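Colleague: Please show me the model, and then I will ask about its fold and a few residues.

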Amino acid sequence: MWHQLELAYVGIEVPDPASLTPFLRDIIGLVPGEPAPLAGSLTWRNDDKAQRVVLQPGPANDAVYVGFEVTSETAFEAVAARLEAAGYPVEEASAELTADRRVGRLASTTAPWGVRMEMVEDLEKASHPYSSPLMAGGFLTDGVGFGHVVFATMAFDESHHFATEGLGLEQSDWLEMEIAEGIELEVRFYHCNERHHTLALAKAPFELPQKLHHIMFEANDRDDVGAAFDRAWHSDLPIPNGLGRHDNDGMFSFYAASPAGFLVEVGHGAKLVTERWAENRRYDRMSVWGHQALRAPAA
């Protein structure tokens, strides 16, 4: 099951997609993707693919679908069969939806945390290469997908089953730590290629307003992370976690809160997993250093 999947795109429903433009363009360094077919929608990208983040108008204020690119037709059939065998019905998409996603083939199922998971082949390329003066070194996406996504869910055990027995991801490691007196945080991290984790799942103690906790974009150049942090610092954006280095994947990063509430992590230098990964173990701290809360949302 090694390297059958890469993170292709995430679809997020927000009341006003245009309200995220200054954040994604001027702080994170994404560039506009190809035009979206749905009126009012906007697409963004961090590489040469047509779209990596799709913002569509609606009340959910949350992720509504996630796309995984399957590396071959054989792998596509294997992933679909594995999902069905694990108890997650898979439905082939219509020609219209497939075209809207700018892919060659699409089938989907629903994850236990309530977000549609789409398996796709043949992501369309953008009409011109990615280029942004804010991210001169570009982002790490080749062979590992556009980044990672993290969801919080009360259906934690079932979601773990979906990720491993359905999608076929492998657990990289897990985090267990006390974040406040009597409150434990548990997060499990999953890989499907060399990226340390493409998906992570956090155990929610109660139903949260948003399932999507954060999206991560990994810069090729460490200095681009610092420059993005400077841009965030000089804005009025909440910065829940300043610069720091994670313990489990070693990533140097920071987190900024988007106007829609979900977070974006910009990082560099995460460790790569190997096919014979032997470091699936428990961690008891989020970071080696840093990642301190710097600026909270306005009351």
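Modeller: Helices (H or I, at least four residues) and strands (E, at least two) are DSSP runs, numbered from the N terminus. The model is predicted.

Colleague: How many helices and strands does the protein chain have?

Modeller: Counting by those runs, the protein chain has five helices and 18 strands.

Colleague: What radius of gyration does the protein chain have, against that of a compact globule?

Modeller: The C-alpha trace spans about 45 × 40 × 35 Å along its principal axes. For 299 residues, a compact globule would have a radius of gyration near 19 Å. The protein chain agrees with this, at 18 Å.

Colleague: Is Ser287 buried or exposed?

Modeller: Ser287 is found in strand S18, residues 287-290. Buried means under 20% relative accessible area. Ser287 has 13%, so the residue is buried.

Colleague: Which side chain makes a polar contact with the side chain of Ser287?

Modeller: Leaving out residues up to four places away in sequence, Ser287 touches Arg245, His246 and Asp247. The polar contact between side chains, at 2.6 Å, is with His291.

Colleague: How far apart in space are Ser287 and Met177?

Modeller: In sequence, Ser287 and Met177 are 110 residues apart. From C-alpha to C-alpha, the distance in space is 11 Å.

Colleague: Which residues make the nonpolar surface patch of about 290 Å²?

Modeller: One of them, Phe206, is found in the loop between strand S12 (199-203) and strand S13 (212-218). The patch is made by Phe206, Met154 and Leu208.

Notes. Residues are numbered from 1 along each chain as its sequence is written. This is a predicted model: local features need pLDDT of at least 70, side-chain atom pairs count only at pLDDT 80 or more; totals for chains, interfaces and linings use all residues. Side-chain values use heavy atoms; hydrogens and water are left out. Buried means under 20% relative accessible area, exposed over 50%, partly exposed in between (1.4 Å probe, protein chains only). Contact means heavy atoms within 4.5 Å. A polar contact is a pair of N or O atoms within 3.5 Å; within protein, one must be able to donate a hydrogen and the other to accept it, and residues adjacent in sequence count only if both atoms are side-chain atoms. Patches are made of residues with over 30% relative accessible area and no salt bridge: like charges are joined within 9 Å, nonpolar side chains (Val, Leu, Ile, Met, Phe, Trp, Tyr) within 5 Å. Accessible areas come from the Shrake-Rupley method with a 1.4 Å probe; for residues, only the protein chains shown count as cover. A salt bridge is a side-chain nitrogen of Lys or Arg within 4 Å of a carboxyl oxygen of Asp or Glu. The radius of gyration is taken over C-alpha atoms; the globule rule is 2.2 Å times the number of residues to the power 0.38.
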